[in-house]
Each structure stands twice: as structure tokens, then as C-alpha cells.
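Thank you all for coming; I would like to take a few minutes to walk through one structure with you. Please have a look at it first, and then I will start with a single residue.

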Amino acid sequence: MSYRVDLTVLSEQKQYCRFGVTLHNLSDQDLLDWKLQFIIDRYILPDSFTNGAIKQVGSFCCVTPDIDVLAANAHYYCEFSINTAPLRYHTDGFKDALIVEQNGAIKHSVVVTPIALASPYRERTELPVVEADRLALIPKPNQITTQNGRYLLSPNSQITLQSTRAEKAATWLQVELESIYQFKTNPIGHSEILFRNNPTLDEGEYNLTVSAQGVRIESGSASGFVHACATLLQLVEVTEQANTLQVPYVEISDTPRFRYRGMMLDCARHFHPVERVKRLINHLAHYKFNHFHWHLTDDEGWRIEIKAFPELTDIGAKRGVGTALEPQFSTLDDVHQGFYSQQEIRDVISYAEERGITVIPEIDIPGHCRAALKSLPELLQDQDDQSHYRSIQHYNDNVLSPALAGTYEFLDKVLKEVAELFPSPWVHIGADEVPDGVWVNSPKCQALMAEHGYHSAKELQGHLLRYAEKSLQKLGKRMVGWEEAQHGNKVSKDTIIYSWLSEEAALNCANQGFDVILQPAQFTYLDMTQDYSPDEPGVDWASTIPLETAYRYEPLIEVPDSDPLRKRILGIQCALWCEIVTHQQRMDYMIFPRLTALAEACWTNKPQREWFDYLSRLKGHLALLDRQNIKYRQPWTNQ
């Protein structure tokens with residue numbers, strides 16, 4: 001270890017903290033003409049910096065010290081301040097650090113020690129002791145009756161279809177039985193797993209009966225058959241005989257609580273390969289989710305191939321050394337890159353459709369567009385705009401201009417390809433977190449405001465989003481967006497709002513006449529920390545979300561069952577933002593087992609939901625997660 005950097009919290013108040021940084025040169029060589037780079041996700045107040053100067057772009061910081069030489073076995077010290085709530089977790093500190101000499105010609109890796117927090121250490125919380133339930137079904141079926149006895153599935157067991165709607169579900173069942181249990185059904189044998197049509201059952205609804213006559217599955221929809229198979233996969237038990245399983249006798253009549261049950265995955269901040277995306281989609285099918293919201297573009301990366309603009313992926317899908325986009329979030333000395341070809345996207349869509357899941361693409365506009373702006377500067381950058389702003393992720397150059405013809409050319413071509421590529425009836429256009437101060441010093445934007453009689457930047461945002469909405473309608477799609485989509489009061493009530501700020505904000509949108517998807521960050525954001533110990537990974541700007549908090553999320557608890565407002569609430573979605581999710585094991589840890597808790601909020605009616613009952617089922621369910629090699633966060637450390 002030749003170089004080490006220490007970050008220490010010197011003082012903290014409610015929304016202001018002071019920090020000290022010590023860089024140790026532990027080598028036997030002097031550092032000459034050097035700078036220190038590091039990554040931190042808070043905005044450092046430039047005027048607060050001592051013993052040098054700092055430049056920050058997003059989470060990337062570069063320090064020019066006030067000394068040209070850092071002698072061998074000496075150290076450099078500086079301080080700075082951040083308008084932030086007190087830090088509670090080690091992941092709030094530096095993610096990476098690097099020393100560069102001679103304008104980057106020489107680089108030195110730096111060991112980052114965990115941040116020295118000022119807050120008192122908090123032990124991990126412990127879940128109550130429970131006995132494992134052998135009938136470990138998650139989400140809990142809305143009607144279930146158990147009988148004594150078990151049916152044996154043997155090498156002679158055969159799947160028989162009496163409904164064409166069941167073909168994909170039956171194929172998925174065969175694949176999962178072999179993958180999880182190493183069990184193969186016989187193409188010729190006894191009709192022991194029978195799929196049959198029942199037109200009286202609504203979308204997603206199913207009946208599942210296991211008796212001495214075998215396994216009988218009924219549904220009137222392809223999705224219902226998939227949900228039935230998900231339940232069956234959790235029911236089966238391993239025996240001591242090879243290629244033999246047993247299933248307890250049950251009668252289940254089940255129907256979803258909400259018709260929309262979704263999860264969002266952010267693949268823009270860190271690129272996740274196709275197989276990782278498919279793996280998650282497959283898990284979603286196991287818990288009866290039916291929508292996968294794919295966050296494909298953001299400031300830090302453009303991940304979808306657009307044939308009209310190859311620059312979007314040639315330039316915008318890469319960040320780091322030697323690229324147009326600075327390093328962000330994780331590493332300083334390499335290039336993070338990746339995008340999905342249109343053929344790969346078709347493959348993911350087909351994979352999801354076989355599992356009863358609709359893939360909804362998100363192209364985030366007009367904010368969160370830095371990757372696009374850097375890729376297509378001649379088309380998208382307003383050279384006359386002198387506006388000063390800073391986005392929530394600390395950028396001052398990440399917003400499309402509603403006054404440029406190039407913006408509309410960009411939207412027309414991108415949305416056309418997206419609409420043709422994705423069968424989903426919905427396209428998500430983001431619309432969130434447009435910072436204050438945009439467009440106010442743009443002559444073109446001011447002229448546009450005067451032309452239409454607009455009085456605020458929010459109306460300009462609405463102007464652009466109304467154009468996107470009408471474009472998508474012409475393409476046969478319905479626009480969806482975060483709740484800021486209704487800013488400026490320009491989009492129609494045909495737009496669907498995904499509400500992330502709070503449930504109160506969701507109900508406000510519903511009261512205005514919008515259909516709404518609930519995604520309150522305080523309960524559904526899976527990038528939030530899961531406990532209060534400082535070494536727990538994640539962020540906590542919305543809340544710390546332990547398993548119990550996720551499970552106890554009861555949507556619309558303040559809205560009476562008779563209130564017509566409930567009809568505006570289409571369903572629930574959870575989300576995994578991936579600023580610090582870089583690999584499969586971290587993804588598993590952040591998602592599981594909280595995904596199972598939120599699946600029950602989506603599916604199971606309130607009278608059937610009970611915390612201790614869920615814990616018993618979860619404890620029995622962990623063996624199935626182990627079989628799938630899911631590296632979940634251990635719920636119990638005391639048992």
C-alpha cells in the first residue's frame with residue numbers, strides 16, 4: 001500500500017456537514033505536479049474547500065492541491081463542506097480514489113479507508129424467532145385449502161394441455177422444474193399435470209388443485225397459467241428418489257389484488273448484461289409480477305441502440321478515461337460501457353413475454369439527458385443558452401432544450417424506433433428532476449415562451465412533454481412518466497403517472513384525473529439500505545427500508561374502499577436504482593428478500609396479510625432461493 005486516503009466527518013448538523021480528507025504518501029517517491037481524484041455522491045461546496053481547489057462533475061471530483069510536491073512519507077490535508085443530512089453509512093463515503101501526475105501521464109491507485117462517521121454506531125436489528133412454514137407460498141394465495149396427503153410426480157409424469165393459452169406457461173414450468181429441481185417430465189406418460197381452459201376466470205386469475213388424481217390448473221388467460229405455475233414451483237418438495245417430486249394436496253383459487261405489478265431496473269447508471277436482466281425477469285415471474293420497467297437512458301449512459309443515431313451508443317454508452325463522459329459512481333481508472341442491441345432487446349422482450357411479463361422502456365427526457373447531449377452536441381446543445389443550474393446529481397449540462405429543432409428531430413426518430421421495438425402499449429418518458437434555473441437565459445427559450453404566452457420553465461417542460469405525448473399517440477402508444485410529467489399542466493389525462501415522491505403525491509395526481517402507479521420511495525426503493533449498521537450497503541435519502549417496513553407497506557390505507565379514487569390506482573411498482581449496484585451479488589442482496597415482501601403487497605388482499613405469518617413462510621421459502629443460487633441478504637442471524 002503506497003497511497004491511502006482517509007475521509008472523516010468533522011462536524012454535522014441537520015443539513016450541513018464538514019469533512020476532512022488526508023492523503024498519505026506512503027511510498028519512497030515524491031509526487032510531482034499531481035492531483036487527487038475521487039468519487040462521492042454528494043455535492044461539495046467549492047468555496048468551502050481548503051488547501052486547494054475542487055472541480056466536480058456529477059460524482060467525479062478532481063482536487064488541485066495548493067502544493068506542487070507531496071514528499072515521500074508525507075501527507076496532504078484539506079477540508080470541505082456539504083449541505084447534506086448527517087451520513088450514516090460507509091457507502092456514503094468515497095467510492096474510489098486515484099492520484100494522477102503530469103496531467104494524467106502517471107496514475108497511482110489509492111486505498112480508500114471506510115469513512116470515519118460522526119454518528120454513533122447502531123447494531124443490526126433482529127427479526128423475531130419463528131418456525132418455518134412448510135407451505136411456504138409467496139405471495140400468499142387469496143384462497144387456499146390444504147388436505148392431508150401428497151401427490152408424487154415421477155419419471156412417468158406428463159404435462160397435458162387442453163388450452164392453447166397455457167403453452168408458454170407449460171414450457172416455462174418444464175424449464176424451471178429442470179433448472180431448480182433437476183426434474184424432467186415425460187413427453188409420453190400419465191397426464192399428471194393438466195392445464196385446462198376456464199373462460200369464467202379473469203385476467204391473471206387461476207385455480208390450482210392437487211389431489212390423488214394429480215395436478216389440475218385452470219385459467220382463462222396466459223398470465224393466469226404462468227401465475228399458477230409459479231405457485232406450483234413453490235409447492236413442490238424434493239424426495240430422496242432421483243427425478244421424483246411430491247406436491248401437497250391443496251385447493252387454491254387465486255386472483256391478483258392489483259392488475260399492475262411491476263419492478264424497475266436501472267441499467268443506465270451501471271450496465272447489466274442481458275443474462276442478468278433475464279435472470280431478474282425470471283425471478284419476477286416467480287412472484288407474479290407482470291411488468292418490467294427498463295430504465296435505459298440517463299446522464300451517465302445511453303443503453304439502447306438507435307439506428308438513426310449510432311452516436312448515442314458509440315459515445316453515450318461509454319464513460320471514463322478517454323471518453324466524452326467523466327467517470328461516475330464506481331471506478332476512476334477504467335471505461336464502464338455497454339448497451340443493448342435491438343436484437344438483444346427483442347430477445348429480452350420475448351423471454352419476458354413467455355413469463356407473462358410486459359417490458360416497458362424508459363427514455364428519460366428532458367432532464368437526465370447528459371449522455372445524449374454529449375453524443376449529439378450539434379443537434380441537441382443550445383450554444384446561446386447561458387442559464388446556470390445544477391441538477392440533483394450535480395450536472396449543469398443535462399437538459400434538452402424545448403426551443404431547438406434538433407430536440408424534436410431527436411424525439412421523433414428515437415420514439416419511432418422505441419415504439420416499433422417494444423410491443424408494450426406504454427412508453428415511459430421520465431420527466432423527473434428538471435432542475436431550477438434551466439432555460440431562463442436562453443434567447444431561443446425566452447422567445448418560445450413569449451410566442452405561447454408561457455410564464456415559467458415548467459410550462460416549457462410541459463410544452464416538450466405534450467409533443468412527446470402526441471408523438472407517442474400517433475405511434476399507437478400511451479405515454480407514462482414520473483409525477484413531474486404533469487408539471488406545466490400541458491399533458492392530457494391520458495398520460496399515466498408513476499408516483500415516486502410519496503403516496504400523497506400519487507393521490508394528488510389521481511385527484512386531478514390521472515391514472516397512477518404507486519412507487520413511493522419510502523417503501524419500494526430497493527437501493528435503500530436495509531438496516532442501520534454503518535456497513536450496510538445502499539443509500540438512505542428516502543428512508544432506511546428494513547424487511548418489515550417493506551412488508552408493512554399497505555397501499556391506500558387512508559383511502560376508503562368505497563372511494564372512486566381507488567379506480568385511478570392501477571397498481572404498485574418497486575425499483576432498483578443502480579448507482580452503487582455493479583454486480584450480480586450486490587443486486588441479489590439489495591433485492592432479496594424485500595422483493596418477496598413487496599410482491600405480497602401487489603398480489604395479496606389486505607385481510608390475508610400478516611407479518612408473522614409472512615416471516616414463517618419466508619423462512620420456509622429460503623431453501624428455494626438457495627436452490628436458485630440467489631445471494632440474498634440473510635433475514636435471520638440469530639437462528
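This is a predicted model: local features need pLDDT of at least 70, side-chain atom pairs count only at pLDDT 80 or more; totals for chains, interfaces and linings use all residues.

In which helix is Gly-462 found? The answer is helix H10, which covers residues 457-474, where helices (H or I, at least four residues) and strands (E, at least two) are DSSP runs, numbered from the N terminus.

Residues are numbered from 1 along each chain as its sequence is written, and side-chain values use heavy atoms, with hydrogens and water left out.

Returning to Gly-462, this residue counts as buried because its relative accessibility is 0%; buried means under 20% relative accessible area, exposed over 50%, and partly exposed in between, with a 1.4 Å probe and protein chains only. If we leave aside its neighbours within four places in sequence, Gly-462 is in contact with His-487 and Lys-490, contact meaning heavy atoms within 4.5 Å.

Apart from neighbours within four places in sequence, Ser-391 is in contact with Asn-398 and Pro-435.

What about a whole helix? Helix H2, residues 222-235, has 14 residues and reaches 20 Å from its first C-alpha to its last, close to the 20 Å expected at 1.5 Å a residue, the expected span being 1.5 Å times one less than the number of residues. Because 13 of the 14 residues of H2 are buried, this helix is largely enclosed by the rest of the structure.

By contrast, Leu-26, in the loop between strand S2 (16-25) and strand S3 (31-32), counts as partly exposed because its relative accessibility is 36%.

Turning finally to the protein as a whole, there are 16 helices and 30 strands. Its radius of gyration, taken over C-alpha atoms, is 27 Å, close to the 26 Å that the globule rule (2.2 Å times the number of residues to the power 0.38) gives for 639 residues, so the protein is as compact as a globular protein of that length. Of those 639 residues, 59% count as buried.
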